[in-house]
Amino acid sequence: QGSVAESGGGSVRAGGSLKLSCVGSGYTSWYKYARGWFRQAPGKDREGAAVISANGNSVHYADSVEGRFTISVDNSQEDRALMNLQMDSLKHDDTAVYYCAAAWYSDYLWSVAPLSPKAYNYWGQGTQVTVSS
């Protein structure tokens, strides 16, 4: 049974940077999965922040993070997928629990709802990111 786990959250002042990492393990075909970062602020629904296609050649960003966040993957290890989210120019509104997620890649998913949390079925436990003003 495959699983994903996040690391790298923390507290930072507005304008600062943080890097989140996600490790997928327990499965040998992570390179076939779309993966992404989702976040949930207190009192709000979970939303997609950045997602990347199975081969790493296509990405989608939420408008709110476009130009500030960068998602990347490392598929060099077949049984241990690595995914990172570099977050720069952080704002107070970026404060949330950030989740790593994965879903079996399909053209339908990628064209219709790549940033929808409902399309993803592997989830990490989340890591807190707090940005102070």
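The following legends describe close-up views of a predicted model of a protein chain.

Local features are reported at pLDDT of at least 70 and side-chain atom pairs only at pLDDT 80 or more, whereas totals for chains, interfaces and linings use all residues. Residues are numbered from 1 along each chain as its sequence is written, and side-chain values use heavy atoms, with hydrogens and water left out.

**Figure 1. Overall fold of the protein chain.** The secondary structure comprises 1 helix and 11 strands; helices (H or I, at least four residues) and strands (E, at least two) are DSSP runs, numbered from the N terminus. Along the sequence the elements follow the pattern β-β-β-β-β-β-β-β-β-α-β-β. The radius of gyration is 14 Å, close to the 14 Å that the globule rule gives for 133 residues, so the chain is as compact as a globular protein of that length. This radius is taken over C-alpha atoms, and the globule rule is 2.2 Å times the number of residues to the power 0.38. The C-alpha trace spans about 40 × 30 × 25 Å along its principal axes. Of the 133 residues, 41% count as buried, where buried means under 20% relative accessible area, exposed over 50%, and partly exposed in between (1.4 Å probe, protein chains only). Among contacts with a separation of 6 or more, 62% are between residues 24 or more positions apart, a contact being heavy atoms within 4.5 Å.

**Figure 2. The open sheet of 4 strands.** The strand order is β1-β3-β8-β7, with antiparallel pairing; two strands pair if DSSP finds at least two bridges between them. Strands β1 (3-7) and β7 (69-74) form the edges, each pairing on one side only. From one strand to the next the twist averages 15°, based on axes that are lines fitted to C-alpha atoms (for helices over the stretch in contact), with angles from 0 to 180 degrees between N-to-C directions.

**Figure 3. Strand β8 and its two partners, β3 and β7.** Strand β3 (residues 18-25) is joined to β8 (residues 80-87) by 8 bridges, and the two run antiparallel. Within this pair, Lys19 stands opposite Gln86 of β8. The pairing of β7 with β8 is also antiparallel and extends over 6 bridges; here Ile71 has Leu85 of β8 as its bridge partner. The covered face of β8 carries Ala81, Met83, Leu85 and Met87, while Arg80, Leu82, Asn84 and Gln86 lie on the uncovered face.

**Figure 4. A salt-bridge network of Arg39, Glu47, Arg68 and Asp94.** The structure holds 3 salt bridges, each defined as a side-chain nitrogen of Lys or Arg within 4 Å of a carboxyl oxygen of Asp or Glu. Arg39 is bridged to Glu47, with the closest N and O atoms 2.8 Å apart. Arg39 is buried at a relative accessible area of 6%, whereas Glu47 is partly exposed at 36%. Arg39 also forms a salt bridge with Asp94, the closest N and O atoms being 2.9 Å apart. Because Asp94 lies in the loop between β8 and β9 (96-104) and Arg39 in strand β4 (residues 33-40), this pair ties together parts that are 55 residues apart in sequence. Asp94 counts as buried, at 2% relative accessibility. The side chains of Asp94 and Arg68 meet in a further salt bridge (2.7 Å, N to O). Arg68 lies in the loop between β6 (59-61) and β7 and Asp94 in the loop between β8 and β9, so this pair connects parts that are 26 residues apart in sequence. Both Arg68 and Asp94 are buried.

**Figure 5. The surroundings of Tyr122.** Tyr122 belongs to strand β10 (residues 122-123) and counts as buried, at 16% relative accessibility. Apart from its neighbours within four places in sequence, Tyr122 is in contact with Gln1, Gly2, Val4, Trp30, Tyr33, Cys100, Ala101 and Ala102. The C-alpha atoms of Tyr122 and Ala103 are 6.5 Å apart in space, although the two residues are 19 residues apart in sequence.
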